[in-house]
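Subject: Structure for your files

Hello,

Please find the structure below, followed by notes on what turned up in it.

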Amino acid sequence: MQPELLGDQPGIGGLVRAIQLALAPVFLLSGIGAFLAVLTNRLARVIDRARTLEERLVVDEDDEAIRARHLDELDFLRLRIRLAHRAITFCTYSALLVAGVVATLFLGAVAHVDLARVVAAAFVLAMTALIAGLTSFLREIHVATRHFQLVGAVLPAPPRHPRPADAPAPPQR
């Protein structure tokens, strides 16, 4: 950061300006944190499904057709786990870099040191890591959707439950 960005504000005025400059990346950091929560929840659900299938493999060990379906789904789940893990890793790197940008902005402003190139490089790396994380997340969604479409094409649709006699009829369109 260039010292002239702070102006010639000594003391508390310069500190307030440094905090203002560091505030925008903090909002980005908050968004990345929320996205990380979504990713970790998604990963947990995929892992839970994989554990359930692994348990079913033991129960269904005599039925080769069912075992084959379980093993195929486990392959898809392993790929989804790898992609979700990669997305979490890249987004975490991005969050760490954004936090580094905030700290560097603040320290550069307080110490009146020109750290503009360091801040710019860290911010570009943070955005690159975020793009990589979002790309991995998008790929994981495509894999999950593709698997669902494949399984849906092979398995029959579940039977529809008849409407109770006392339930109102659905609206006509």
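D75 and R78 form a salt bridge, with 3.3 Å between the closest N and O atoms; a salt bridge here is a side-chain nitrogen of Lys or Arg within 4 Å of a carboxyl oxygen of Asp or Glu. The two residues are three apart in helix 2, so about one helical turn separates them. Helices are DSSP runs (H or I, at least four residues), numbered from the N terminus. D75 is partly exposed at 47% relative accessibility, and R78 is partly exposed as well, at 40%. The classes are buried for under 20% relative accessible area, exposed for over 50%, and partly exposed in between (1.4 Å probe, protein chains only).

Two notes on the source. This is a predicted model, in which local features need pLDDT of at least 70 and side-chain atom pairs count only at pLDDT 80 or more, while totals for chains, interfaces and linings use all residues. Residues are numbered from 1 along each chain as its sequence is written, and side-chain values use heavy atoms, with hydrogens and water left out.

The whole structure has four salt bridges. R42, R80 and E140 are linked in a network of them. E140 meets R42 at 2.5 Å, N to O, and this pair joins helix 3 (E140) to helix 1 (R42) across 98 residues. R80 bridges to E140 with the closest N and O atoms 2.6 Å apart; R80 is in helix 2 and E140 in helix 3, 60 residues apart. R80 and E140 are both buried, E140 with a relative accessible area of 0%. R42 is partly exposed at 27%.

Apart from its neighbours within four places in sequence, E73 is in contact (heavy atoms within 4.5 Å) with R49, L53 and H147.

The largest nonpolar core has 14 residues, and those with the most contacts inside it are I32, F35, L36, L39, I88, C91 and F137. Helix 1 (12-59), helix 2 (64-111) and helix 3 (116-154) each supply at least two of its residues, and helix 2 gives the most, with six. By nonpolar core I mean buried Ala, Val, Leu, Ile, Met, Phe, Trp, Tyr and Cys residues joined through side-chain atoms within 4.5 Å. Leaving out residues up to four places away in sequence, I88 touches L36, L39, T40 and L43.

A search of the whole structure gives one aromatic pair. The ring centres of F35 and F137 are 5.1 Å apart and the planes lie at 85°, so the pair is edge-to-face. F35 in helix 1 and F137 in helix 3 are 102 residues apart, and both are buried. The criteria are ring centres of Phe, Tyr and Trp (its six-membered ring) within 6.5 Å, with planes under 30 degrees apart counted as stacked, over 60 as edge-to-face and the rest as tilted.

On the surface, I19, F106, L107 and V110 form a nonpolar patch with about 350 Å² of accessible area together (Shrake-Rupley method, 1.4 Å probe). Such a patch takes nonpolar side chains (Val, Leu, Ile, Met, Phe, Trp, Tyr) joined within 5 Å, from residues with over 30% relative accessible area and no salt bridge. Helix 2 gives the most to the patch, with three residues. I19 is in helix 1 and is partly exposed at 47%.

Lastly, H112 lies in the loop between helix 2 and helix 3. The phi of H112 is near 55°, a positive value in a residue other than glycine. Most residues other than glycine have a negative phi. H112 is partly exposed, with a relative accessible area of 45%.

Regards

Technical notes. Patches are made of residues with over 30% relative accessible area and no salt bridge: like charges are joined within 9 Å, nonpolar side chains (Val, Leu, Ile, Met, Phe, Trp, Tyr) within 5 Å.
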